[in-house]
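Here is a walk through one protein model, from its overall form down to single side chains. Keep the structure open and follow along.

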Amino acid sequence: MMEKSKSPTQRLDEAIYSLEASRAKQKKELHTQWKQTVASVRPSNLINQVVRDISSAPEIKGNIMSLITSLIGGYASKKLIVGESKSVFKKLLGYIFQNQITRWISNKINTN
């Protein structure tokens, strides 16, 4: 047997129901995307991403290690030479010495 054709009101109700279901689905997807976006721009997640990027690139890792080594070497040499001096002149000489030692260590690391 043949089904009765739907009345315009029934077709309209079905269309409204379909649109409401689609809207609810899109709203849920938008909310999920919003949560993911907010989570991705948190400072802790941005820092973690930078650390992951640095750790995955060996040339960057090597550059950072040489930078840290040269800075620590320069700082330590300044502390050994100048110590806890209150003299402005000694402090200035210490900073110059630190700068030179830092450059020297950096050049030694980069040439090897």
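Start at serine 40. A polar atom of the serine 40 side chain sits 2.8 Å from the backbone oxygen of threonine 37. This is a predicted model, so treat that distance as a computed value. Serine 40 belongs to helix α1. With a relative accessible area of 39%, serine 40 is partly exposed, because partly exposed covers the range between under 20% (buried) and over 50% (exposed). Leaving aside residues up to four places away in sequence, serine 40 touches Asn45 and Leu46. Now look across the model. Lysine 108 is 68 residues from serine 40 along the chain, and their C-alpha atoms are separated by 40 Å.

Move on to arginine 42. This residue is in the loop between α1 (8-40) and α2 (43-56). Its relative accessibility is 45%, so arginine 42 counts as partly exposed. Pair arginine 42 with valine 88. The two are 46 residues apart in sequence. In space they are 43 Å apart, C-alpha to C-alpha.

Step back to the whole chain. What does the secondary structure of the protein come to? There are four helices and zero strands. Along the sequence the pattern reads α-α-α-α. The radius of gyration is 33 Å, well over the 13 Å that the globule rule gives for 112 residues, so the protein is more spread out than a compact globule. The C-alpha trace spans about 105 × 35 × 15 Å along its principal axes.

Of the 112 residues in the protein, 11% are buried. The accessible surface comes to about 10,000 Å². Carbon and sulfur atoms account for 63% of that surface. Take the contacts with a separation of 6 or more. Residues 24 or more positions apart make up 45% of them.

Helix α4 shows both sides of this picture. Which residues does glutamine 98 touch, not counting residues up to four places away in sequence? They are Gly74, Tyr75 and Lys78. Glutamine 98 lies in helix α4. Its relative accessibility is 17%, and the limit for buried is under 20%, so glutamine 98 counts as buried. Phenylalanine 89 is also in helix α4, which covers residues 88-111. Is phenylalanine 89 buried or exposed? At 58% relative accessibility it counts as exposed, because the cut-off is over 50%. Phenylalanine 89 is part of a nonpolar surface patch of about 410 Å². Leu92, Leu93 and Ile96 make the patch with it.

Finish with the charged pairs. The structure holds two salt bridges. One joins the side chains of lysine 6 and glutamate 14, at 2.9 Å from N to O. Lysine 6 is partly exposed, with a relative accessible area of 39%. Glutamate 14 is partly exposed too, at 42% relative accessibility. The side chains of lysine 79 and glutamate 84 also meet in a salt bridge, at 3.2 Å from N to O. Lysine 79 has a relative accessible area of 31%, so lysine 79 is partly exposed. Glutamate 84 has a relative accessible area of 69%, so glutamate 84 is exposed.

Technical notes. Residues numbered from 1 in each chain as written. Predicted model: local features only at pLDDT ≥ 70, side-chain atom pairs only at ≥ 80, totals over all residues. Heavy atoms only, no water. Patch = residues over 30% accessible without salt bridge, like charges linked within 9 Å, V, L, I, M, F, W, Y side chains within 5 Å. Areas by Shrake-Rupley, 256 points an atom, 1.4 Å probe, with all protein chains shown as cover. Salt bridge = Lys/Arg side-chain N within 4 Å of Asp/Glu carboxyl O. Helix = DSSP H or I, 4+ residues; strand = E, 2+ residues; numbered from the N terminus. Buried < 20%, exposed > 50% of the residue type's maximum accessible area, 1.4 Å probe, protein only. Contact = heavy atoms within 4.5 Å. Polar contact = N/O pair within 3.5 Å; in protein donor to acceptor, adjacent residues only side chain to side chain. Rg over C-alpha atoms; globule rule 2.2 N^0.38 Å.
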